[in-house]
Amino acid sequence: MLPRLRLILLPLQRSELVLSLRRRFSMANSPDNLTISPATTRIGWIGTGVMGRSMAGHLIAAGYSLTVFNRTESKAKPLLELGARYADSPLAVARASDVLFLIVGYPSDVRLVAFQALPGLSPGSVLVDMTTSDPSLAAELSSAAIAASCQAIDAPVSGGDRGARTASLSIFAGGDASTVERLKPLFGCMGTVRYMGAAGAGQRAKLGNQIAIASTMVGLVEGMVYAHKVGLDVERWIEAISTGAAGSKSLEFYGKRILERDFEAGFYVHHFVKDLGICLKECERLGLALPGLALAQQLYVSLMAHGEGGLGTQALVLAIERLNNTCLKRGSSESG
C-alpha cells in the first residue's frame, strides 16, 4: 500500500511545488517591481466603444501589447487589425494583463466585469476603471483589489470622442497615489492625468465635471435658439462669442455640429443621463440642492422619452426646440 500511496502523493507534491514557484516568479516580476514600459508591461483592455477604441489604440501605437475583450466582438476588430489579441472573457483578459483597463457603460457593467476579472489578476497587478461610475463602487473595487494583493484605480475621463482620438483627455484619478504615479506612462498615451485623492475621488471629480457640462450645454443651446429667434446669423454669432467670456469647450466642440444637425454621438445621451443620475444620487446623499443639474437631467430624460438616447449630447437642442416650436438650422433665422 505504501508504494501505491507514494505514487498518488508525488504528483500532488510536484504540482504544489510548480504552483509555489510560479507564485514566487509572479511576485518577483509583478508590476509593483517592474518599470511600466512596452517591454515589461502587458496591457488588458475591456470596452472598445466610441471612447475605448481610440484610447486603446494609442497604447498600441506606443508599442504596448494589448489583449482586449468586448461583449460585441466585432467592435474590437479595429484594434485586432492593429495587432491586439482577443480574449473570450474578462477573466481571460485579466490573466494576460499586468494593467487592466475598463471603460464600459454603466456601474452595473463595471461591477459585473471587474469582479469577473479580479480573480485572474496576478499579485501586484492594477485594475483601472475609466468608466464614469459610482464613487462607492470605486471604493468597493479598491478594497476587493487590495484583498487580492492588487490595486484598483478609478480614472474616469473628460474630453469626448475628440479627446479620445487626439489623446487630449482629462483623466481624474482616485486610489493609491504611488500607483497612479507609476501608471503615468500609460495615462500619458491618452491625455493628462490629475490625482484627485483616495479611492472614489476620481469619480467624484468626474461627476463635478458632468454637472458643469450639463449647465453649460443648457446655456449654449438656449443662446443659440435665442439668436435664431431674433434673426441673427447663428454661425456668425457663435464665432463672435467664442473668443469672449462665453467661449467654452462645449461651444468649440458642438456649436457647428448643432447647426449642421450632426447629432452623431461622441458621448451618448443615455450615458449622460446615467451620469447625471449618479450626480443626483450623490446630491441626495449629501443633502445638496443643485437646481441647474436637476433641470438639465430632466431635459436629457425628455430626449430619452423621444427615442433619442443614442444621439450625442449636443442633441439637447432638440428638447429646447420642441419647447419653443422652432427648428434651428444653419443659415436660417426665425425672421428670415
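The backbone oxygen of valine 157 lies 2.7 Å from a polar atom of the lysine 206 side chain, a polar contact in the sense of N or O atoms within 3.5 Å, where within protein one atom must be able to donate a hydrogen and the other to accept it, and where residues adjacent in sequence count only if both atoms are side-chain atoms. This is a predicted model, in which local features need pLDDT of at least 70 and side-chain atom pairs count only at pLDDT 80 or more, while totals for chains, interfaces and linings use all residues. Residues are numbered from 1 along each chain as its sequence is written, and side-chain values use heavy atoms, with hydrogens and water left out.

Let me stay with lysine 206, which UniProt, in an unreviewed entry, annotates as "active site"; UniProt positions are in the numbering used here, feature names are shortened, and such annotations may be inferred rather than shown by experiment. The residue sits in helix H10, residues 201-229, where helices are DSSP runs of H or I with at least four residues, strands are runs of E with at least two, and both are numbered from the N terminus. Lysine 206 has a relative accessible area of 4% and is therefore buried, given that buried means under 20%, exposed over 50% and partly exposed in between, with a 1.4 Å probe and protein chains only. Beyond its neighbours within four places in sequence, lysine 206 is in contact with Thr132, Pro156, Val157 and Phe172, contact meaning heavy atoms within 4.5 Å.

Serine 133 is found in the loop between strand S5 (126-129) and helix H6 (135-147), and at 1% relative accessibility serine 133 is buried as well. With neighbours within four places in sequence set aside, the contacts of serine 133 are Pro107, Val110, Gln203 and Ile278.

What does the chain look like as a whole? The protein chain has 15 helices and nine strands, and buried residues make up 49% of its 336 residues. Of the contacts between residues at least 6 apart in sequence, 68% join residues at least 24 apart.

Now to the charged pairs, of which a search of the whole structure finds 14 salt bridges, each being a side-chain nitrogen of Lys or Arg within 4 Å of a carboxyl oxygen of Asp or Glu. One of them joins the side chains of arginine 111 and glutamate 140, at 2.9 Å from N to O; this pair links distant parts of the chain, with arginine 111 in helix H5 (residues 107-117) and glutamate 140 in helix H6, 29 residues apart. Arginine 111 is partly exposed at 38%, and glutamate 140 is partly exposed at 34%.

Aspartate 161 pairs with arginine 165, their closest N and O atoms being 3.0 Å apart, and both lie in helix H7 (residues 160-166), four residues apart, about one turn of the helix. Here aspartate 161 is buried at 11%, whereas arginine 165 is partly exposed at 46%.

Arginine 322 and glutamate 308 also meet in a salt bridge, at 2.7 Å from N to O. Because arginine 322 lies in helix H15 (residues 316-324) and glutamate 308 in the loop between helix H14 (291-305) and H15, the pair ties together parts that are 14 residues apart in sequence. Salt bridges that share partners also join Asp161, Arg165 and Arg257 into one network.
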